[in-house]
Amino acid sequence: MDSLLIKGGVPLHGEVTISGAKNAVLPIMAATLLTAEPCVIRRVPDLSDVKFMGQILMSLGAQVKFEGDTLRVHAAKVRGVGDYDLIRKMRGSICIMGPLLARLKQATVSLPGGCIIGARPINLHLKGFEALGAKITVEGGYVRAKARRLTGADLFLGGRAGSTVLGTANVMMAATLAEGVTIIESAACEPEVVDLANFLTAMGAKITGAGSPTITVTGVKALHGAEHEVIPDRIEAATFALAAAATDGEVTLRGARPDHMHAVLDKLHDAGVQVERRGTALNVRRNGRLKPVDITTLPYAGFPTDAQAQMMVLMAVTPGISIITERIFESRFMHVSELARLGADIEIEGPSAIVKGGRPLSGAPVMASDLRASAALVIAGLAARGKTLVNRVYHLDRGYENIDGKLRQLGARIERKEET
Ligand code: EPZ
């Protein structure tokens, strides 16, 4: 397993281009199953999760071709059963269920295991499919949805933490080919859901309200092929912005979408970080002393849970006390124990982490766990004095395109150690 060796203490300087959004491209790839015609997706990030999804689509019978950051998918014929080994490995694969149910009136996927950030139930996805007329059975670790036909319905998708992003994506995709009108209440408002809705609309779907808590889908007989450019990754942009601030550098993020990042930019401002728009780029640097801020993660447009770990690192190097409360996942503090190894003073109190910031961090070997915790460890290593070795870098490669290359471009002393 590869690891990253970081010699910290170097402020990041320069420009970096933000890649396409992982959490937009995965459901959009699944949506190509809804039509027998070819689709072209552009600004596709080179991530292992994306490659996984490509293999899953191929296991379902689709032709899949990656040409640089352009992806061509042609699902002329599809099977309702995919490669379980792959499906089991990636939570995002659950979003093939809606398209398969709509196209074939049946879908069988392996139940996604929980993962390091907590249980990952799919009860809301299944509630939505049942509302559209599907019969759900669960056996042997697989969940199967079957319907004679799908009929539009009014349904409420709110759950323990508010809305569900992939649940909204799944039900919206299934509803595009249902007979009649579907109204999804308490829908997720994330930009990635809007991007998917835009792609589905380009395919001929009739969708209004995407980006709001009420999405209305009027079913059509069939969808046709389409071309689409994926939105930039707001979480990658947030990650690089926080790395710039934590290392006291100055970085320009090319292609970032500030209109997708209001909560993050608001908290960066309060923390004493200046973010300036320069055309289609964002310039990030400190604006005097850093100040502690409190964070609570919420569904969009609240502060994104996927930037929580990275924000915690900035607070760890900020003199003062910050309280970071995680409201989306029940155990998304895996990075805390690893950050403590670098000298961070953080105490967990239930859903909150109390960060006593300001002590300088010093490098140490650390273990990556989930995707965003790993990104936090990289930022901490960049800000720490001395050497940090981040093990199990495959977690990072799932969601960040060439992160070490991009950081080197910004002056970081970081190298990938291939495991022999
Ligand atoms: C998406 O996961 C993202 N992944 C996650 O990003 C992100 O953290 C999450 O949304 C929240 O923003 C992709 O888009 C591929 P949810 P998703 O359904 O859709 C509960 C990353 O690092 N819930 O919005 O699986 C659930 O337990 C990843 O890029 C139910 O109770 O998340 C959680 O507490 C990590 N029942 C909350 O809702 C359900 O049926 C939000 O989960 C579904 C979810």
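How many salt bridges does the rule find across the interface of domain 1 and domain 2? Keep that in mind as you go through these views of a predicted model.

View B. On the domain 1 side, 24 residues take part in the contact, and domain 2 brings 22 residues. Put together, the two domains bury about 2,000 Å² between them. Carbon and sulfur atoms carry 52% of that buried area.

**View C. Salt bridges across the interface.** Here's the answer to the opening question: the rule finds three salt bridges between domain 1 and domain 2. Now zoom in on Asp 49 and Arg 398, which form a salt bridge. Their closest N and O atoms are 2.8 Å apart.

**View D. Polar contacts, and the domain 1 side up close.** Eight residue pairs are in polar contact across the interface of domain 1 and domain 2. On the side of domain 1 that touches domain 2, the elements giving two or more residues are helix H12 (371-383) and helix H13 (394-399). H13 supplies the largest share, with three residues. Sort the residues on this side by kind and you get 11 charged, eight nonpolar and five polar.

Key. Residues numbered from 1 in each chain as written. Predicted model: local features only at pLDDT ≥ 70, side-chain atom pairs only at ≥ 80, totals over all residues. Heavy atoms only, no water. Contact = heavy atoms within 4.5 Å. Buried area = accessible area lost by both parts, 1.4 Å probe. Salt bridge = Lys/Arg side-chain N within 4 Å of Asp/Glu carboxyl O. Polar contact = N/O pair within 3.5 Å; in protein donor to acceptor, adjacent residues only side chain to side chain. Helix = DSSP H or I, 4+ residues; strand = E, 2+ residues; numbered from the N terminus. Nonpolar A, V, L, I, M, F, W, Y, C, P; charged D, E, K, R; others polar.
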